[in-house]
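Hello,

Here is the structure we talked about handing over.

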Amino acid sequence: MTEPLLDIDGLSVVFPGRHGPIRAVDDLSLTVKPGEVLGIAGESGSGKSQLLLAIMGLLAETSWAEGNIRLDGADLGPMTPGRRRRWRAERLAMVFQDASSALNPYLTIGRQLTEQPMRARSLSRAQADRLAVQALERVRVTEAKRRLGQYPHELSGGTRQRVMIAMALLAKPKLLLADEPTTALDVTVQAEILEILRELAHDNGTALILVTHDLGVVAHLCERVAIMYAGRIVETGPASQLFSLPAHPYSRALLAAMPRLTDDLTAPLRAISGQPPDLAAGEHGSCAFAPRCPSRMARCTVRRPEMRRLSLDHHAACFLHEEVAR
């Protein structure tokens, strides 16, 4: 059995709040195998981006992480900041949600692409430039050599996103984290970016965690899916199984809200009724989705369901499956 590349156990990301700790990520556990493509989906505010920042060690100074994160067999928690940076540089890379904010507006594209390989591999400027051009060409950036002298504001949104992926290529990571990499891109560019990510995972054996609220993107790219709500994973399983037989009411609601070509174009879009919980209001010890759930029972309002195994790789945290088992 293949050992997981990433092993997260009981991870919480905590912010101080007026009514007590605010858990943006709450007691989350998951594993990612080498070369696996995992999609993490859910509404805005469900904790997806905070999870990635915790893995990268880039949480805000006002927050802290609890639990264990093991990457490639090493526990990241006890590491000093310097050692963690070196470890991260050799094994981890991240494509941020907004490339225009992630790229430094005062530095050329070439300077930003070559900084990591020059430090990590002691390359000369000329050697690093050659690698940067090759990486840009691989992600289908036109006139790659000329782009090295340009600044981020001179590039289109799609090209900036390609530059972010090229930076990940140069790092040769074992694990790539992609946070909404196709946000604000048109459909054609989005498809190209997804295909580049697929090739990176397939050709290099890089494991990929893709965070998105777009289930269409998950269906196109991912082998396994984790659905997050209010900082917790409420369902996880193979993508084909989760899309054909979603087990959690929240997963079913997300799928029902997706527009389809066969829908009546004059009908209003379907939405999930209600609002996500206010995490700053404090913990209630109940199912966070209960106020919005059409299948809620009395126990949902007083107790939080634990993850239950439904089949070999399919798990869901819902009391409905305890009723079925009985």
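**Pockets and a helix**

The second largest pocket has a volume of about 660 Å³. Its lining counts 24 residues, and those closest to the centre are Leu30, Thr31, Arg224, Thr236 and His315. Keep in mind that this is a predicted model.

Three strands each supply at least two residues of that lining: β2 (22-32), β9 (224-229) and β10 (232-238). β2 gives the most, with 6 residues. By type, the lining of the second largest pocket divides into 10 nonpolar, 5 polar and 9 charged residues.

Now the largest pocket. The volume there is about 850 Å³. It is lined by 23 residues, and Arg88, Ala89, Leu92, Gln116 and Met167 are the closest to its centre. Two or more lining residues come from each of α2 (81-91), β6 (92-95), α4 and α7. The largest share, 6 residues, comes from α4. The lining of the largest pocket has 15 nonpolar, 2 polar and 6 charged residues.

That makes α4 worth a look of its own. Helix α4 covers residues 109-121, 13 residues in total. From first C-alpha to last, α4 reaches 19 Å, close to the 18 Å expected at 1.5 Å a residue. The helix has a kink of about 30 degrees at Glu115, shortly before the proline Pro117. After α4 comes Ser122, with a positive phi near 55 degrees.

Which residues of α4 are buried? They are Ile109, Gly110, Gln112, Leu113, Thr114 and Pro117. The cover over the buried residues of α4 includes α5 (125-138), α6 (144-147) and α7 (157-171).

Take Gln112, which lies in helix α4. Why does Gln112 count as buried? Its relative accessible area is 10%, and buried means under 20%, so Gln112 qualifies. Leaving aside residues up to four places away in sequence, Gln112 touches Leu103, Asn104, Leu107, Pro152 and Met167. Met167 is also among the residues closest to the centre of the largest pocket. Arg146 is 34 residues from Gln112 along the chain, and their C-alpha atoms are separated by 14 Å.

When you go through the model, start with α4. It carries the kink at Glu115, and it gives the largest share of the lining of the largest pocket. Then turn to β2, which gives the most to the lining of the second largest pocket.

Best wishes

Key: Residues are numbered from 1 along each chain as its sequence is written. This is a predicted model: local features need pLDDT of at least 70, side-chain atom pairs count only at pLDDT 80 or more; totals for chains, interfaces and linings use all residues. Side-chain values use heavy atoms; hydrogens and water are left out. Helices (H or I, at least four residues) and strands (E, at least two) are DSSP runs, numbered from the N terminus. The expected span of a helix is 1.5 Å times one less than its number of residues. The bend at a residue is the angle between axes fitted to the seven residues ending there and the seven starting there. Buried means under 20% relative accessible area, exposed over 50%, partly exposed in between (1.4 Å probe, protein chains only). Contact means heavy atoms within 4.5 Å. On a 1 Å grid over the protein atoms alone, a cavity is a set of points where a 1.4 Å probe fits but cannot get out, and a pocket is an open set with protein on both sides within 12 Å along at least five of seven lines; lining residues have an atom within 4 Å of a point. Grid points are joined across faces, edges and corners, and a volume is the space filled by probe spheres set on the points. Ala, Val, Leu, Ile, Met, Phe, Trp, Tyr, Cys and Pro count as nonpolar, Asp, Glu, Lys and Arg as charged, and the others, Gly among them, as polar.
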